[in-house]
Amino acid sequence: MTSVRLPTECLTPGLYIKLPLQWTEHPFMLNHFKIKDEHQIRLIRGLGLKFVFHFPDKSDNPPLSENHAPQHAISDQETRFLHKLADKLWQEKQRRIEHLKNYKRNLQRCEKSFQRSLSQLRAISQKIKNRPVTAFKDASELVNDMVDALLDNDNLALHLMNDVKESEDIYYHSLNVAVLSMLLAKSQGMPANDIKIITLGALFHDIGKHKIPTHILRKISPLTEPEANFLKLHPKYSLELAELGEHFPEAAKPILSQHHELMDGTGYPLGLKGHQINRFAQLVAVVNAYDNLCHPMDPSKARIPYSALSYLFKHKKGQYSEEFIAQLVRMMGVYPPGSVVLLSNQQIGMVISVNAKRLLYPNILLYEPSVPSNEAPILDLEESELTIERALLPHKLPEPIRQYLNPRARISYYFDPES
């Protein structure tokens, strides 16, 4: 989308423009917008601007010719009106800024909860072999706290967490699958006890991978047949570890042993088919597949969240529960957190959270080079007139935009019941 410098005398409603100012130097919510009326034109001229950047491809009308641009005398009454309008816009902008500050505080609180849960999971995992009774008791307490927090509040937001340490992928994957499985079970209207069983099973679904050599887990090239067979033993190892402790519920054990079984019978370890597969395991299998599509062993094959959901929905209904795939799409929204998107005003941003009750209106971190990245504006799509045009591939972004938005190598989620 190309732009041209346009004198402010040539402005008319319907033009799509960008103001050559810092975001904090004008009362409008965005630097890019389509002019609605003459009042906006007067406000723009009142900023002392001699020109703006005009985008012909996004405009409804051509600009006025400099020779034919009308000269408007501004009456005292109109001056007072424009001052009131500017004050109103500044107040609204300040309200939005305060809203964003509050949002960022919620995000920080959510990040702390995520890191606390991650630390607990790490400690629990390290206890499994030597003190399984204590480990599973601690895990039950962690899950109870998470699910109770989830069920205490209907207004739920799903947030994108900060980047992770590569050496701890297994913990992030397990927590991610547990969080999304918990949310999916809740969205299905399941009772609290079932949600806790599913969350506990999801948390430990890959615990058996601790018995798999690291060089197999981290191998990027295709596994040899012996390596693949070794990896396929991890559901068996997970179940064996769970059976070391009396506190691990029987109802959660099929999740550990069956989360790689597929509805068409092509999964492992037993090749179970359809309703032979435990319903809780079917749910966790869908979430596990989604996270693995986003984070395969070979990072070059990673799918963006939008693409991962779309791939499951279009190509994997025969292997995974159609019911749970459809519900996952409804729960995550079309553009899940972590999606880099192009907006209808051609700005680029990254979805950082979705609210369960407003899936069509995610919060988007905007690329705005006139603002430092740590103060980047966050757009609540519901409060704007913008829409998302499409998802973008992070590795194809221009380097300044990629560095500014910092798209995550690993997409980790956590929930905030107080948003």
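# Helix packing and local geometry in a predicted model

Helix α12 buries Phe324, Ile325, Ala326, Gln327, Leu328, Met331 and Met332. Please keep in mind as you read that this is a predicted model. The protein has 419 residues, and 51% of them count as buried. Its secondary structure comes to 13 helices and eleven strands.

**Overall layout**

- Taken along the principal axes, the C-alpha atoms fill a box of roughly 85 × 40 × 35 Å.
- Among contacts with a separation of 6 or more, 70% are between residues 24 or more positions apart.

**Helix α12 and Gln327**

- Gln327 sits in α12, the helix that covers residues 322-332.
- Is Gln327 buried or exposed? Its relative accessibility is 11%, so Gln327 counts as buried, because the cut-off for buried is under 20%.
- Which side chain does the side chain of Gln327 join in a polar contact? The partner is Ser187, at 3.1 Å.
- Once neighbours within four places in sequence are set aside, Gln327 touches Leu184, Ser187 and Gln188.
- Just past the end of α12, Gly333 adopts a positive phi of about 85°.

**Where α10 meets α12**

- The axes of α10 and α12 come within 9 Å and cross at roughly 50°.
- That angle makes α10 oblique to α12, and the crossing is right-handed.
- On the α10 side, the contact is made by Arg279, Gln282, Leu283, Val286 and Tyr290.
- On the α12 side, the residues are Glu323, Phe324, Ile325, Leu328 and Met332.
- Sorted by class, the contact of α10 with α12 has seven nonpolar, one polar and two charged residues.

**Where α5 meets α10**

- Helix α10 (residues 279-294) also packs with helix α5 (residues 192-203), at an angle of about 55° and with the axes 10 Å apart.
- The two helices are therefore oblique to each other, and their crossing is right-handed.
- From α5 come Asp194, Ile197, Ile198 and Ala202, while α10 supplies Phe280, Leu283 and Val284.
- The contact of α5 with α10 divides into six nonpolar residues, no polar ones and one charged one.

**Where α2 meets α3**

- Helix α2 spans residues 76-127 and helix α3 spans residues 132-151; their axes come within 8 Å and cross at roughly 160°.
- How are α2 and α3 oriented to each other? They are roughly antiparallel, because angles over 145 degrees count that way.
- The crossing of α2 and α3 is left-handed.
- Ser117, Gln120, Leu121, Ile124 and Lys127 in α2 face a set in α3 made up of Pro132, Thr134, Ala135, Asp138, Ala139, Leu142 and Met146.
- By class, the contact of α2 with α3 has seven nonpolar, three polar and two charged residues.

**A closer look at Ala139**

- Ala139 belongs to helix α3.
- With a relative accessible area of 0%, Ala139 is buried.
- Which residues does Ala139 contact, leaving aside its neighbours within four places in sequence? They are Ile124, Leu200 and Phe204.
- Ile124 belongs to α2 and is part of the contact with α3.
- Ala139 and Tyr414 are 275 residues apart along the chain, and their C-alpha atoms are separated by 17 Å.

**Backbone details in the loops**

- Tyr268 and Pro269 are joined by a cis peptide bond, with omega about 10°.
- Pro269 lies in the loop between α9 (253-258) and α10.
- Gln346 is not a glycine, yet it has a positive phi of about 75°.
- Where is Gln346 found? It is in the loop between β6 (340-343) and β7 (348-355).
- Gln346 has a relative accessibility of 26%, so it counts as partly exposed.

Definitions and conventions
Residues numbered from 1 in each chain as written. Predicted model: local features only at pLDDT ≥ 70, side-chain atom pairs only at ≥ 80, totals over all residues. Heavy atoms only, no water. Helix = DSSP H or I, 4+ residues; strand = E, 2+ residues; numbered from the N terminus. Buried < 20%, exposed > 50% of the residue type's maximum accessible area, 1.4 Å probe, protein only. Polar contact = N/O pair within 3.5 Å; in protein donor to acceptor, adjacent residues only side chain to side chain. Contact = heavy atoms within 4.5 Å. Axes fitted to C-alpha atoms, helices over the stretch in contact; angles between N-to-C directions. Parallel < 35°, antiparallel > 145°, perpendicular 65-115°, else oblique. Left-handed = near helix turned anticlockwise from the far one by under 90°. Nonpolar A, V, L, I, M, F, W, Y, C, P; charged D, E, K, R; others polar.
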